[in-house]
Amino acid sequence: MSSIENIRNFAIIAHIDHGKSTIADRIIHKCGGLTEREMKAQVLDSMDIERERGITIKAQTVKLKYKSRSGKIYILNIIDTPGHVDFSYEVSRSLYACEGSILIVDSTQGVEAQTLANVYQALDSNHEIIPVLNKIDLPASDLERSNKQIEDVIGIDTKNSIPCSGKTGQGIDEILEKIIEILPSPKGQANDKLKCLLVDSWYDTYLGVVILVRIIDGNLKKGMKIRMMSNNKEYFVEKVGVFTPKAQDTSELNTGEIGFITTGIKELSETKVGDTICDANDPLKEALPGFKPSKPVVFCGLFPVDSSEYQKLKDGLAKLKLNDASFTYEAETSSALGLGFRCGFLGLLHLEIVTERLEREFDINLLTTTPGVVYKVHMNNNEVKNLQNPSNLPDPTFIKFIEEPWIKATIITPDQYLGSIMKLCQNKRGRQTNLSYSGSRAVINYEIPLNEVVFDFNDRLKSMTSGYASFDYEIIGHKEGDLVKMGILVNSEPVDALAMMVHKDFAQTIGREVCEKLKDLIPRHNFMIPVQAAIGGKIIARETIKGFKKDVLTKIHGGGARDRKRKLLDKQKKGKVRSKQFGKVEIPQEAFIGVLKINKEI
């Protein structure tokens with residue numbers, strides 16, 4: 001058992017691709033967590049997608065022993081956190097379980113938007129922060145500029161900042177010594193009642209639900225009877241252990257330590273993240289404050305291209321849900337696409353990763369409908385309905401007003417791109433709230449409706465700034481908006497999968513774009529097909545797909561055949577009317593994907 005003064009719990013925070021996982025690799029190697037043969041790049045990134053994309057999706061923890069220069073042995077509990085805005089909930093949980101943070105800034109890029117968001121979360125958790133300037137082995141590295149940006153933009157003193165290189169291992173020893181010197185040890189009473197925080201949980205095929213815990217007071221032993229304070233359910237601890245980064249069984253977890261337990265729970269829903277765990281025989285009166293629950297903000301429909309794969313999709317979603325509590329789904333039926341599911345995600349990257357995992361791990365070809373957000377519909381009878389699917393919007397005569405979610409966006413950019421970024425934000429109905437400078441970099445704050453950001457905002461921002469601008473957002477609440485439901489009619493039949501909520505001012509432009517795109521993508525039939533965009537009963541845009549026409553007059557020659565020609569043309573006309581009445585228009589898969597891409601071109 002190690003003394004609580006010799007324990008250091010800390011998180012590694014940074015913007016995407018600033019080198020968190022690489023520095024974690026170097027620290028693990030230095031402390032002997034893995035042998036040279038077991039080492040690989042991104043040790044803590046376990047998913048294939050994480051390794052391919054070079055991003056961290058799930059926060060990972062590791063316990064290491066470090067012998068300092070003074071000869072003392074210290075226990076280091078590291079949590080490697082994700083850097084993308086969609087996974088900021090993972091970051092907030094991780095920071096709550098630690099006393100300090102290592103802030104990594106890429107010395108070639110400087111401070112970026114997500115760096116700012118993560119630092120503010122760490123400061124909210126009263127963390128001691130050690131700034132680390134990574135990638136000093138690159139020729140573009142500029143330590144003086146990066147230090148100045150950290151002081152100007154974040155307001156942290158950089159006299160203790162450490163230059164290092166995750167690639168070469170330079171500066172890793174200094175980081176480890178500073179962790180011992182600057183970061184505080186956990187505060188907790190070893191002789192008190194058991195009080196521990198449920199930081200994370202995931203499903204293991206052999207063990208059932210594995211629970212990651214941080215011991216605040218007391219100690220947790222194998223065979224102990226514990227109680228979850230959120231639902232008052234009691235369980236026996238079957239297994240206790242730590243990650244080094246390999247799972248290693250221990251007999252107990254002591255005050256200040258981070259480790260895992262298994263209790264034979266089979267349902268992930270029984271382990272609420274942020275819950276307090278106590279001794280069932282000596283329970284606590286008050287629970288820890290816990291975390292705010294993560295709520296999905298982007299919704300879209302997932303449908304199998306081949307309807308026979310519906311069961312495969314259903315099983316795949318159930319398995320993914322076991323390891324990702326922030327993802328939600330419910331069954332949905334569409335007249336155009338058949339049976340599918342309405343799914344909720346934390347953001348567009350989350351959506352992309354879940355669909356990619358479904359296609360890759362379960363071999364399903366998927367069709368995704370237009371992503372949308374949750375609207376609050378205020379009815380005349382003062383009832384408030386949450387609207388996820390635009391096709392379910394109640395009759396407008398019963399609606400008092402509709403509210404849409406707004407975000408506070410932070411954009412950090414080189415100042416030469418400032419004009420085009422401001423124009424983009426204004427086109428997206430944004431309101432500027434702040435603008436400040438740090439050298440040649442500008443920090444802009446905008447309030448923008450989430451619906452305008454959800455499609456393509458990040459892509460367009462990156463392309464207009466050659467990838468130099470960074471973007472981060474937080475949801476600030478709902479505001480009333482002049483919103484309408486735009487429906488698409490093909491051959492006078494509404495296509496529910498193409499219905500979308502749009503702002504009144506942009507409805508005509510978007511409607512025209514959708515109709516033009518569908519005209520190109522829907523194949524011609526034997527009859528004329530009108531493609532219309534409508535708001536309520538009013539048609540705001542229309543395109544016509546011309547039908548194939550057989551020349552019925554080819555074999556008629558000579559004079560006096562006028563009546564015969566007229567008779568044949570009338571007969572053809574009646575046939576066209578009949579086929580239009582009973583003919584079914586097949587909308588190809590490309591048409592739905594094409595409409596998704598329209599939003600990127602507007």
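Reply: **Loops, strands and their surroundings**

S492 lies in the loop that runs between strand 28 (483-490) and strand 29 (493-494). The model discussed here is a predicted one. Although S492 is not a glycine, its phi is positive, at about 65°. Most residues other than glycine have a negative phi.

N382 also has a positive phi, near 70°, and is likewise a residue other than glycine. N382 belongs to the loop between strand 22 (375-379) and strand 23 (384-387). These two strands form a hairpin with four residues between them, and N382 is in the turn. With a relative accessible area of 61%, N382 lies above the 50% cut-off and therefore counts as exposed.

Strand 22 is joined to strand 23 by four bridges, and the two run antiparallel. Within this pairing, Y375 has L387 of strand 23 as its bridge partner. Strand 22 also pairs with strand 24 (residues 399-414), again in the antiparallel sense and over four bridges. Here K376 stands opposite E403 of strand 24. Strands of a sheet pair through backbone hydrogen bonds, either parallel or antiparallel.

Elsewhere, eight strands form an open sheet in the order 11-10-16-7-8-15-12-13, and their pairing is antiparallel. Strand 11 (233-236) and strand 13 (247-249) stand at the edges; each has a single partner strand, so one side of each is left without a neighbour in the sheet. From one strand to the next, the twist averages 40°. Within this order, strand 8 (residues 208-217) and strand 15 (residues 258-262) run antiparallel and are joined by five bridges. In that pair, V213 stands opposite G259 of strand 15.

The helices can be approached through one contact. Two packed helices are described by the angle between their axes and the distance between the axes. The axes of helix 1 (residues 20-30) and helix 6 (residues 172-182) come within 10 Å and cross at roughly 80°. That angle makes helix 1 roughly perpendicular to helix 6. Helix 1 contributes I23, R26, I27 and K30 to the contact, while helix 6 contributes I172, D173, I175 and L176. Sorted by class, the contact has five nonpolar and three charged residues, and no polar ones.

Helix 5 (residues 143-154) contains N147. The relative accessible area of N147 is 19%, which is under the 20% cut-off, so N147 counts as buried. Leaving aside residues up to four places away in sequence, N147 touches L133, T158 and S161.

The cysteines complete the account. A disulfide is a covalent bond between the sulfur atoms of two cysteines. The structure holds zero disulfides. C300 is in no disulfide, and the nearest cysteine sulfur, that of C343, is 6.2 Å away. C300 is buried, with a relative accessible area of 0%. C425 also counts as buried, at 0% relative accessibility.

Definitions and conventions
Residues numbered from 1 in each chain as written. Predicted model: local features only at pLDDT ≥ 70, side-chain atom pairs only at ≥ 80, totals over all residues. Heavy atoms only, no water. Axes fitted to C-alpha atoms, helices over the stretch in contact; angles between N-to-C directions. Parallel < 35°, antiparallel > 145°, perpendicular 65-115°, else oblique. Contact = heavy atoms within 4.5 Å. Nonpolar A, V, L, I, M, F, W, Y, C, P; charged D, E, K, R; others polar. Disulfide = S-S within 2.5 Å. Buried < 20%, exposed > 50% of the residue type's maximum accessible area, 1.4 Å probe, protein only. Pairing = 2+ DSSP bridges.
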